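I opened the notebook to record, entry by entry, what I looked up in this model. I begin with one residue and then turn to the chain as a whole.

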Amino acid sequence: MKFPKNFLWGGATAANQYEGGYLEGGKGVNTSDVLTAGSHTVPRRITWRNPETGETGFTGMGSGMEMNFPEGAIPAVLDNEYYPSHVATDFYHHFKEDIALMGEMGFKTFRLSMNWARIFPNGDDEMPNEEGLKFYDEVFDECAKYGIEPLVTLSHYETPLNLSIKYGGWKNRACIKFFENYAKTVFKHYEGKVKYWLTFNEINMMEFGPFMAGGLTETTPQAKAQGAHNQFVASALAVKAAHEINPEIKVGQMLAYQPTYAYTCDPKDQLFVMEASRKSLFYSDVQTGGHYPAYRLKEYERAGIKLDDTPEDYELLEKYSADFLSFSCYGSSTQTTHEDVLGTGGNLMMGVKNPYLETNAWGWATDPACLRLALNQLYDRYHKPLWIVENGIGWDDKKEADGSVHDTYRIDYLRQNIASMRDAINLDGVDLMGYTMWGCIDLVSAGTGEMKKRYGFVYVDRDDQGNGTLARSKKDSFEWYKKVIACDGENLD
Ligand code: BGP
């Protein structure tokens, strides 16, 4: 069994975790630029300043620690605070070297995100920042040298900070037209260079991390529902604009998805799983399916949530649903209503610990069946082409004195996951466009802000305090992945 010849093998990154170049080339400040580093046990925080009084402080992001801005406080970059996004692993100055390494592995595609504030520094500017446009021109030209097709996310956990301060972020409908202007600008500018786009990374994270997902400075269910609605409409307008510019351009949805298991066969657990799954599926039901599902409308009714919407919104959602559905999937989630079950899964969406699966140091489980299950569930539901745009394993890799990294655990994880995805294509007939392994060159963790939670085929010399030379070196998985691509995934040894 193999993968089709035109299968898009590659790796994935995001500007806020990889690019760096903070304020260089006319870039503005993003929401991600005010996030501190955290750890597995200490949540990342948002820094704020009160412009009137000069007072400064921290607040949580709403998951793990409450979000609570004191009156008059706005999210702000503080002196003497360490922000992982500002340098990250410095793609801004290393892109030629990094893309050459991707070329050497035989990548057919490279997923990166465009830094919105590099193109529109304040988000609401009328004209784009030419220097920002030029940077990505150079990046895409470099990709073309190696025959690498870019897959570009328009907003990966970042919104220009000004939109958050001035408009309250995505809960405000004004963001729809700012995003539309941004999307149209880049679709036109990069026509012929970029064919595949994604609108919002893990759009369902509005549910769990609304500051990261939408620049929201509050966590009320009403604000989150409105934030999601506005992003849906903006995504539909992006699909419309892309098709008008060039029907060859494809705009996909990006969802955080994992198969969800019931911990017991108690019927109550099955209902619980149904409800937990819908927290994510709601987002693809609208953006890929084109309609608000009945279960969510009922939920809004019960909670007294009223959307600021128009009849045209719903026409757009139906007519311009996503061209394809991409998703991240690292493992499965196990859910239960039984309070006596001890131990939690790795993060908020992962539920409780599954005794059949092994986990990494952050509690994320490797599930050999997860990609086949996820692909089948989503293909059965939407019948649209799919793309796995994130999958991988975080590990505190140890670099040997000679620069080598023996990451056999990563090879084992990828072997099982790639086999699972190969089964979905060959045994089940799922239409899968490609696979981009997350964090192909080491980068900052989104969840913890750490460097030591590494995912890459390439090690980057940088630590949790921001020390290191940023030098790149190949891990054992580099050669392994190169061989997998060369044989179309037939041999995973
Ligand atoms: C996804 C995000 C990525 C990425 C990944 C791994 O949720 O889209 O940005 O970081 O998860 O998560 P983490 O970095 O927390 O290990």
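**Entry 1: Arg-472**

I looked up Arg-472 and found that it counts as buried, because its relative accessibility is 13% (buried means under 20% relative accessible area, exposed over 50%, and partly exposed in between, with a 1.4 Å probe and protein chains only). I noted that the model is predicted, that local features need pLDDT of at least 70 and side-chain atom pairs count only at pLDDT 80 or more, while totals for chains, interfaces and linings use all residues. Residues are numbered from 1 along each chain as its sequence is written, and side-chain values use heavy atoms, with hydrogens and water left out.

Arg-472 lies in strand S17, residues 472-474 (strands are DSSP runs of E, at least two residues, and helices are runs of H or I, at least four, both numbered from the N terminus). I listed its contacts, leaving out residues up to four places away in sequence, and found among them Tyr-18, Asp-90, His-94, Glu-97, Asp-98 and Tyr-459; contact means heavy atoms within 4.5 Å. For Glu-97, which is 375 residues from Arg-472 along the chain, I recorded a C-alpha separation of 8.7 Å.

**Entry 2: Ser-235**

I then went to Ser-235, which is placed in helix H8, residues 221-245, and which counts as buried because its relative accessibility is 2%. Setting aside neighbours within four places in sequence, I found Ser-235 in contact with Thr-199, Phe-200 and Gln-287.

**Entry 3: cysteines**

How many disulfides does a search of the whole structure find? I got 0, where a disulfide is a pair of cysteine sulfur atoms within 2.5 Å. Cys-440 is buried, at a relative accessible area of 0%, and its closest cysteine sulfur, in Cys-143, is 10 Å away, so the two are too far apart for a bond. Cys-265, by contrast, counts as exposed, because its relative accessibility is 74%.

**Entry 4: the whole chain**

I counted 14 helices and 17 strands in the chain, and 60% of its 493 residues as buried. The C-alpha trace spans about 60 × 55 × 50 Å along its principal axes. Finally, I noted that, among contacts between residues at least 6 apart in sequence, 75% join residues at least 24 apart.
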